[in-house]
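Keep the viewer open as you read.

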Amino acid sequence: MSDVRRTVHSHVESHPGVHFNELVRDLDIATGQAQYHLRRLRRAGRLDVAELRDRTHYFPQGYESWERRTIALLRRETVRGIIVVALEDPEPSAADLAAELDVARSTISWHVSTLVEADVAEKCYDQHGRSHVTLTRPEETRRLLDEVAPSLSDRLVDRFTRLIDDTFRE
C-alpha cells in the first residue's frame, strides 16, 4: 500500500464518518488523488461509505449501516444538537428544539426529516397536532455520540444557516 493510501486509510479510521471534502482539506491532497485512493481502498474492502444528503462519508470496516448513517449525521452540529436534546428529553417538540437550539423551525423540520429518513428518529404528533421527535435507538445513539464531533466546516455551515434564519425571523 502506498504512503498516501495508508495516510487516507489511517485518517478514515481515526475520523469515522469523515466526508470527502473534509478528508481532502484535512490531508491537503488533491481531489483526484483522494478519489483514486478512496476508490482503491473501497475495492479492496478496507472502507465502507454512507451517502447522506449529497455527501459521501467514509468509514473503516465494522460499522453496520444504521451506525454509519447515525455517525454521518452526528458530524453535523445542528443534527447533533437535536440528538442531544432528544437524549435529555425523550420527546421534544419541534418548537422546543427550535428554542433550545436557537434555529428556525423550518431548519429543525429539515434536519428532523433527515433523521427520520435515516431511521435515527421518528416523528410523532400529540393530541394538539404538535410534532415531537423520538430517537429510534437512544442507547446506541448515545454511545455513537462519544465517537464523533462535527468538523469545523460542518459547524460553519450550520452557523451560517442560523445567521440566515435569524435574518429572516426578524
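## A buried glutamate and its partner

Let us start with glutamate 67, which counts as buried at 11% relative accessibility. Here, buried means under 20% relative accessible area, exposed over 50%, and partly exposed in between, with a 1.4 Å probe and protein chains only. This is a predicted model, in which local features need pLDDT of at least 70 and side-chain atom pairs count only at pLDDT 80 or more, while totals for chains, interfaces and linings use all residues. Residues are numbered from 1 along each chain as its sequence is written, and side-chain values use heavy atoms, with hydrogens and water left out.

The side chain of glutamate 67 meets that of arginine 143 in a salt bridge, at 2.9 Å from N to O. A salt bridge is a side-chain nitrogen of Lys or Arg within 4 Å of a carboxyl oxygen of Asp or Glu. Arginine 143 sits in helix α8 (residues 138–145) and glutamate 67 in helix α4, so the pair ties together parts that are 76 residues apart in sequence. Arginine 143 is partly exposed, with a relative accessible area of 38%.

## Overall layout

The protein has nine helices and five strands. Helices (H or I, at least four residues) and strands (E, at least two) are DSSP runs, numbered from the N terminus. Read from that end, the order is α-β-α-α-β-β-α-α-α-α-β-β-α-α.

Of the 170 residues in the protein, 48% are buried. Contact means heavy atoms within 4.5 Å. Among contacts between residues at least 6 apart in sequence, 56% join residues at least 24 apart.

The salt bridge count comes to nine. One of them pairs arginine 68 with aspartate 48, at 3.6 Å from N to O. Arginine 68 belongs to helix α4 (residues 65–74) and aspartate 48 to strand β2 (residues 47–52), so this pair ties together parts that are 20 residues apart in sequence. Arginine 68 is itself buried, with a relative accessible area of 15%.

Glutamate 140 also forms a salt bridge with arginine 137, and their closest N and O atoms are 2.8 Å apart. Salt bridges that share partners join Glu64, Arg137 and Glu140 into one network. Glutamate 140 is partly exposed at 29% relative accessibility, and arginine 137 is partly exposed at 23%.

## Helix packing

Two packed helices are described by the angle between their axes and the distance between the axes. For helix α1 (residues 3–14) and helix α3 (residues 31–43), the axes come within 10 Å and cross at roughly 75°. Axes are lines fitted to C-alpha atoms, for helices over the stretch in contact, and angles run from 0 to 180 degrees between N-to-C directions. α1 and α3 are therefore roughly perpendicular to each other, a label for angles of 65 to 115 degrees. On the α1 side, Val4, Arg5, Val8 and His9 meet Gln33, Tyr36, His37, Leu38, Arg40 and Leu41 of α3.

In helix α2 (residues 20–27), the buried residues are Phe20, Glu22, Leu23, Val24 and Leu27. Their cover includes α1, β1 (18–19), α3 and β3. Aspartate 28 follows α2 and has a positive phi, near 55°.

Which residues does threonine 70 contact, leaving aside its neighbours within four places in sequence? They are Val120, Thr141 and Leu144. Threonine 70 lies in helix α4 and is buried, at 0% relative accessibility. Threonine 56, in strand β3 (residues 55–60), is buried as well, at 18%. Its side chain makes a polar contact with the side chain of glutamate 51 at 3.0 Å. A polar contact is a pair of N or O atoms within 3.5 Å; within protein, one must be able to donate a hydrogen and the other to accept it, and residues adjacent in sequence count only if both atoms are side-chain atoms.

Aspartate 126 is found in the loop between β4 (121–125) and β5 (131–135). Aspartate 126 is buried, with a relative accessible area of 18%, and its side chain reaches the backbone nitrogen of arginine 130 at 2.9 Å. The C-alpha atoms of aspartate 126 and serine 93 are separated by 9.3 Å, with the two residues 33 apart along the chain.

Key: Parallel < 35°, antiparallel > 145°, perpendicular 65-115°, else oblique.
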